[in-house]
Amino acid sequence: MAKLSINDLDLRDKTVFIRVDFNVPLSADGKEITSDKRIRASLPTIQYAIEHGAAVILASHLGRPKGRRRPEMSLAPVAARLSELLGRHVAMAPDSVGAEVSAMRPKPGEVLLLENLRFHSEEEANDPEFSRQLASLADIYINDAFGSAHRAHASTVGMVSFLPRAAAGLLMDRELQWLTRVTKSPERPCIALLGGAKVSDKIEVIQNLLKVMDKILIGGAMAYTFLRAKDQPTGKSLVEEDKIELARQLLQTAVDKLVLPIDHIVVREIKPGAAHETVTNIGADEIGVDIGPRTIEQYATIIRDARTIIWNGPMGIFEMPPFDHGTVSLAKAVAESKAVSVVGGGDSEKAIKTAGVSDRITHVSTGGGASLEFLGGIELPGVRALSDKAEAAV
Ligand code: AMP
């Protein structure tokens, strides 16, 4: 069911609590932000709220302080960066709850950033009292933190029941729209490209996507578990022994949909500059590190004809060139196709950046874990908590 969006609400003179994902990478001393991508991703929602007359309270977690106040995980550098990006002062609260914070309640047009939510263990415990205190700061709840929507925490789920309305921010809305479109009503042919190290992480995704997709192209180390299930040699490649049987069952139910590599780049030792060759059958001493040229060609042909593409996970050890060749080649093929393309997961995102094609992908998801759970057919708790559009009187 469609969820209420920030667009549906009258924000004038309301205090709006926006759960954002400002879990940015910081330098070791915690003083410098090394990438402000996540801050930029929520700018449209924050600007929208300001322009529509709201007083804005922003909240996020940063790192894993495990319920303790850790100065190097303070959100203070984020407040400074956000001030620059918004071109207006962003006040920094000393904490996320308490009398001092309540006294800092912003006026319409003002922005207050709460301190790291995870300085309180109650955040991850989804504690009702902590949830109530967070909710007491505001009139309306907005969730723009898609990357945290798969966690049932106080700021993503608990506090929602203490406020009359909970809506998706613009970033969350966009994530839900694209992910829903490619999984629920994809234009055909629709394909998924799945890679990465572990089959176990993507079992639900494979099972769920098999119901909808026309084909699933498998790459990365995951492919070797499937090849073993077909009794093909995998040498010393990474195989999840305890998942071979499951892979066999998946192949039995969907042999015409699951596409596996037909050649491989192999090495005898995984290290930068290792001697490598292309093989069809992996030798006993060899380790598969990338898909081979014939596989690239075959997968690229399927990608070219597709109208919908979902991609998650690299095709090889892409951090170690030249074993990024398969991943980068397919990133280019996805960019060149006319399909609606939705990419999730940090590694795939890096790969499309390396290939220089980020702007030719329809939607790059900001949430690795969350997008995987969504693709696995799991309703994200942070999304379930939002008000349904049809039921919420505005
Ligand atoms: P995941 O977190 O499951 O998406 O896996 C991502 C990781 O899979 C990346 O760090 C890749 O280096 C790794 N990977 C991909 N292909 C292989 C391979 N053939 N052998 C070992 N690791 C791989």
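Tutor: A term is needed before we start: buried means under 20% relative accessible area, exposed means over 50%, and partly exposed lies in between (1.4 Å probe, protein chains only). This is a predicted model, in which local features need pLDDT of at least 70 and side-chain atom pairs count only at pLDDT 80 or more, while totals for chains, interfaces and linings use all residues. Residues are numbered from 1 along each chain as its sequence is written, and side-chain values use heavy atoms, with hydrogens and water left out.

Student: Which residues of helix 7 are buried?

Tutor: Helices (H or I, at least four residues) and strands (E, at least two) are DSSP runs, numbered from the N terminus. Helix 7 covers residues 203-212, and because 7 of its 10 residues are buried, the helix is largely enclosed by the rest of the structure. The buried residues are Ile203, Val205, Ile206, Asn208, Leu209, Leu210 and Val212.

Student: How many helices and strands does the protein have, and what is its radius of gyration?

Tutor: The secondary structure comes to 14 helices and 15 strands. The radius of gyration is taken over C-alpha atoms, and the globule rule is 2.2 Å times the number of residues to the power 0.38. For 394 residues, a compact globule would have a value near 21 Å, and the protein agrees with this at 23 Å.

Student: What share of the residues in the protein is buried?

Tutor: The C-alpha atoms fill a box of roughly 70 × 45 × 35 Å, taken along the principal axes. Of the 394 residues in the protein, the buried share is 57%.

Student: Is Thr308 buried or exposed, and which residues does Thr308 touch?

Tutor: Thr308 belongs to strand 13, residues 308-312. Its relative accessibility is 2%, so Thr308 counts as buried. Contact means heavy atoms within 4.5 Å. Not counting residues up to four places away in sequence, Thr308 touches Val182, Pro186, Glu187, Pro189, Cys190, Ile191, Ala339 and Val340.

Student: Where does Ser96 lie, and what is its relative accessible area?

Tutor: Ser96 is found in the loop between strand 3 (90-92) and helix 3 (99-102). Leaving aside neighbours within four places in sequence, its contacts include Leu114, His120 and Phe130. Ser96 is buried, because its relative accessible area is 0%.

Student: How far apart in space are Arg228 and Glu240?

Tutor: Arg228 lies in helix 8, residues 222-229, and is partly exposed, with a relative accessible area of 26%. Leaving aside neighbours within four places in sequence, Arg228 is in contact with Thr234, Val239, Glu241, Ile244 and Arg248. Arg228 and Glu240 are 12 residues apart in sequence, and their C-alpha to C-alpha distance is 9.5 Å.

Student: Which residues are the closest to the ligand?

Tutor: A residue is near a molecule if one of its heavy atoms lies within 4 Å of it. The ligand is surrounded by 14 residues, and the closest are Ala197, Lys202, Gly288, Gly316 and Glu319.

Student: What distance separates a backbone N or O atom of Gly288 from a nitrogen atom of the ligand?

Tutor: A backbone N or O atom of Ala197 lies 2.9 Å from an oxygen atom of the ligand. A backbone N or O atom of Ala221 is 3.2 Å from a nitrogen atom of the ligand. For Gly288, a backbone N or O atom lies from a nitrogen atom of the ligand at 3.0 Å.

Key. Polar contact = N/O pair within 3.5 Å; in protein donor to acceptor, adjacent residues only side chain to side chain.
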